[in-house]
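Here's a quick briefing for anyone opening this structure for the first time.

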Amino acid sequence: MSLVFLLQPHPCSLFFHNPMLRRRLSISLSHFLSHNHHHDKFAPKSRPHLLCAQVLSLSSPFSTISHHPRRPIFSMAARNTSSASSQQQHGHTNRLASEHSPYLLQHAHNPVNWYPWGEEAFQEAKRRDVPIFLSIGYSTCHWCHVMEVESFENEEVAKLLNDWFVSIKVDREERPDVDKVYMTYVQALYGGGGWPLSVFLSPDLKPLMGGTYFPPDDKYGRPGFKTVLRKVKEAWDQKRDVLVKSGAFAIEQLSEALSTSAGSDRLPDGLSEHALDLCAEQLARSYDPINGGFGSAPKFPRPVEIQLMLYHSKKLEDMGKHSKADEGFQMVCFTLECMARGGIHDHVGGGFHRYSVDEYWHVPHFEKMLYDQGQLVNVYLDAFAITKDIRYSRTARDILDYLRRDLIGPNGEIFSAEDADSAETEGATRKKEGAFYVWSSKEVDSILGEHSTIFKEHYYIKPSGNCDLSRLSDPHNEFKWKNVLIERNSTEALASKFGMPVEEYLEILGKSRRKLFDVRSKRPRPHLDDKVIVSWNGLAISSFARASKILNGESEGLKFHFPVVGSDPKEYIEVAEKAASFIHEHLYNKETSRLQHSFRNGPSKAPGFLDDYAFLISGLLDLYELGGRMFWLSWAMRLQDTQDELFMDKNGGGYFNTPGEDPSVLLRVKEDHDGAEPSGNSVTAINLVRLASMLTGNRSKQYRQHAERLLAAFETRLKDMAMAVPLMCCAADMLTVPSRKQVVIVGRKSSPQFESMLAAAQATSYDPNKTVIHIDPTNTEEMKFWEQNNENIALMAKNNFASDKVVALACQNFTCSPPVSDPGSLRVLLSSPKKTAFG
């Protein structure tokens with residue numbers, strides 16, 4: 001008995017990647033309802049998951065499900081969204097006013113009597129014997145703002161909610177565990193979901209009905225939110241038993257269906273290679289050769305897919321299948337170039353927006369998320385490591401410099417996101433999506449003067465506006481007269497057209513972007529979500545650390561243009577270390593070795609989740625390998641121990657997403673889908689492989705066994721739905737590599753030569769199956785660590801140390817190269833043939 005209206009016109013959406021689970025749950029509910037309620041006059045004759053829709057006399061939700069998010073037909077109301085409540089005198093204050101989450105604080109002055117997720121709300125629902133209305137979103141979610149303006153700031157809607165329900169507001173970024181339960185419910189039954197997520201619960205938290213965005217009033221034959229509230233109230237009063245039993249049964253079925261377990265201790269022989277090949281083949285079939293990317297509009301940058309294609313290409317190259325390897329590699333290169341040239345890339349201020357609504361990567365959904373930035377930096381760094389093409393290193397720098405300028409706090413912490421919406425003018429009472437980022441042709445003329453012609457030609461700026469490349473770009477003319485910057489022609493061709501050297505042309509563009517940036521900085525800024533999330537910081541720590549060495553592969557004397565700063569790469573590792581130090585100081589309990597999930601004006605109440613541990617461990621391993629202190633490696637190992645204790649399924653293999661200590665969280669899920677963010681299980685599998693390769697003895701053996709058992713738990717997914725788990729496919733293949741390459745650098749870390757050797761080890765080539773270990777034999781603490789954890793490394797350090805030089809050895813298959821003592825020789829030792837991207 002479930003109601004879902006996926007009026008999901010925006011891309012704050014998810015689509016379910018487990019049709020077998022959806023079908024199983026649907027069949028189970030059908031059997032349950034027909035067996036228990038066959039005499040019920042409200043029971044449907046078919047499609048039982050629509051029972052509540054029929055109880056409520058509402059139209060079929062399937063008429064509104066879209067597998068490609070789209071802009072709404074009521075989009076003018078949606079586009080012109082609200083101002084923050086703080087701009088007006090507060091007429092209401094609710095319990096959210098004492099919370100720390102920016103999203104909850106945005107709703108603190110709604111007339112709705114919101115509660116935060118917690119025992120007070122649960123007890124109030126039981127005391128009043130009313131259902132719970134649960135609304136889940138996040139502070140930079142455009143359509144969450146829309147629903148707030150249309151419904152939660154509406155006195156009539158608020159009265160219905162306050163009279164008939166206990167209303168709970170949840171920040172999905174602060175409580176991903178709660179979000180996961182109810183999003184899984186909606187997705188499993190209806191194939192899609194998104195934010196805002198709107199779910200009705202029984203007082204004991206079982207889901208009764210669910211949906212996403214609801215307009216306030218009935219439109220186009222579809223029910224509005226007020227109608228839904230009245231019908232839910234009616235169903236609760238008249239058919240409560242059916243609702244509650246159906247919700248409890250759905251949770252039971254989900255729990256059973258999601259309890260994947262390993263049938264053996266490791267994957268069958270050949271499955272890893274099969275999954276990797278299958279995933280690459282499926283992605284290649286979805287490749288857009290005209291505009292780049294995998295799949296059609298809306299276009300999301302999914303770095304995990306690019307990682308898979310790069311990994312697969314490298315493997316084919318190593319096998320001598322050069323032509324096949326180059327096919328996948330060119331798909332990646334073209335995709336990265338199209339993304340960087342598109343409007344999804346903020347050409348003026350740096351960084352990337354969430355996705356584009358059209359096939360050209362042009363008109364974006366304008367929010368900027370930290371998890372995108374960190375992952376995108378890494379794939380652009382990988383492309384640069386392979387090609388040495390500065391277009392990729394420049395884009396990586398562009399993103400990192402944006403983060404340094406706009407998302408890093410005073411103590412090195414890295415904030416979560418910037419909103420899509422902002423006021424068009426100072427003091428305006430309503431916000432509009434993209435207002436901060438778009439330009440009129442006249443504005444550009446007045447700001448740039450003599451250089452406006454060059455700039456407008458380069459970025460396709462037109463007096464009528466340029467959001468005309470696709471029917472999907474701006475179907476309702478909301479950006480008429482406005483321009484989203486996009487590069488449609490090559491820099492070299494345009495420089496030639498204007499009769500000037502390329503470098504002079506680039507200099508003009510850089511100075512012009514700086515002028516626009518200065519003007520833009522005076523506009524009302526989008527809301528900054530200054531919440532610090534451990535998992536997303538882990539992704540960013542990785543990217544800053546890797547950039548600190550990989551960018552040493554750039555040619556000397558290379559010129560950069562705004563918004564790229566052109567920093568010394570070594571500055572980036574300092575950013576990574578500060579972010580890691582902030583987490584260690586503020587979000588880590590040294591006595592229990594446990595993490596808290598997030599920080600804003602203090603640590604959140606939520607514990608660390610699987611992603612927090614997995615992503616941070618990955619970042620710490622990168623931080624160590626790229627030249628950070630031994631402390632980071634030691635901490636990563638302690639965190640892995642804690643992760644194993646809290647999240648590992650010791651019987652069935654793999655890791656749950658929560659510790660399982662909060663009774664209000666009804667499901668413990670083993671997440672495997674690699675989507676906008678990689679899954680915690682995929683990242684963990686790679687972490688375990690990396691840790692096992694660094695150490696010897698029982699600890700190494702245990703790491704490897706845990707990785708094997710983890711992957712075995714997801715055997716079915718790897719075999720049947722590889723495209724849903726691209727990073728896990730890489731992890732599975734990594735585990736089959738007989739011996740990872742080890743580069744061991746020995747010498748005094750205070751020596752300038754040490755930094756050069758480390759850069760040579762990291763910047764020379766792309767090799768995801770390489771581990772870099774560095775050791776200073778004069779450091780007693782380091783030697784003790786390696787003597788305890790890998791005697792071979794300690795022995796290598798003793799036998800190859802010379803006080804006047806730094807040496808490096810490359811080891812694989814139990815054989816080490818002769819030591820080399822200069823960066824050039826190390827580069828030759830590690831080098832792969834440089835590849836060239838077309839374009």
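## Disulfides, a helix and a buried asparagine

Count the bonded cysteines along the protein chain and its disulfides follow the pattern 1-2, 3-4. Keep in mind that this is a predicted model. The protein chain has 839 residues, and 65% of them count as buried.

**The chain as a whole**
- You'll find 31 helices and 23 strands in the protein chain.
- Take the contacts between residues at least 6 apart in sequence: 74% of them join residues at least 24 apart.
- The accessible surface of the chain is about 30,900 Å², with 49% of that belonging to carbon and sulfur atoms.

**The disulfides**
- A disulfide is a covalent bond between the sulfur atoms of two cysteines.
- The count here comes to 2 disulfides.
- One of them joins C141 to C144, with an S to S distance of 2.4 Å.
- The torsion about the S-S bond of C141 and C144 is about 80°, so this disulfide is right-handed.
- Both C141 and C144 are buried.
- C811 and C816 form a disulfide too, with their sulfur atoms 2.0 Å apart, and at 105° about the S-S bond this link is right-handed.
- C811 is buried because its relative accessible area is 8%, under the 20% cut-off.

- C333 counts as buried, at 1% relative accessibility.
- C467 is buried as well, at 10% relative accessibility.

**Helix 16**
- Helix 16 covers residues 441-448, and S441, V444 and L448 are buried in it.
- Looking down the axis of helix 16, you'd see its buried residues fall within an arc of 60°, so they line one face of the helix.
- An α-helix has 3.6 residues a turn, so residues three or four places apart point the same way.
- The buried residues of helix 16 pack against helix 17 and helix 19 (502-520).
- On the face turned away from the buried side of helix 16 sit the exposed residues K442 and S446.
- After helix 16 comes G449, which has a positive phi, near 60°.

**N483**
- Look for N483 in the loop between helix 17 (452-458) and helix 18 (491-497).
- N483 counts as buried because its relative accessibility is 0%.
- A polar atom of the N483 side chain lies 3.1 Å from the backbone nitrogen of N466.
- Setting aside neighbours within four places in sequence, N483 is in contact with residues including S441, Y460, G465 and N466.

Conventions:
Residues are numbered from 1 along each chain as its sequence is written. This is a predicted model: local features need pLDDT of at least 70, side-chain atom pairs count only at pLDDT 80 or more; totals for chains, interfaces and linings use all residues. Side-chain values use heavy atoms; hydrogens and water are left out. Helices (H or I, at least four residues) and strands (E, at least two) are DSSP runs, numbered from the N terminus. Buried means under 20% relative accessible area, exposed over 50%, partly exposed in between (1.4 Å probe, protein chains only). A polar contact is a pair of N or O atoms within 3.5 Å; within protein, one must be able to donate a hydrogen and the other to accept it, and residues adjacent in sequence count only if both atoms are side-chain atoms. Contact means heavy atoms within 4.5 Å. Accessible areas come from the Shrake-Rupley method with a 1.4 Å probe; for residues, only the protein chains shown count as cover. The arc is that of the directions from the helix axis to the C-beta atoms. A disulfide is a pair of cysteine sulfur atoms within 2.5 Å.
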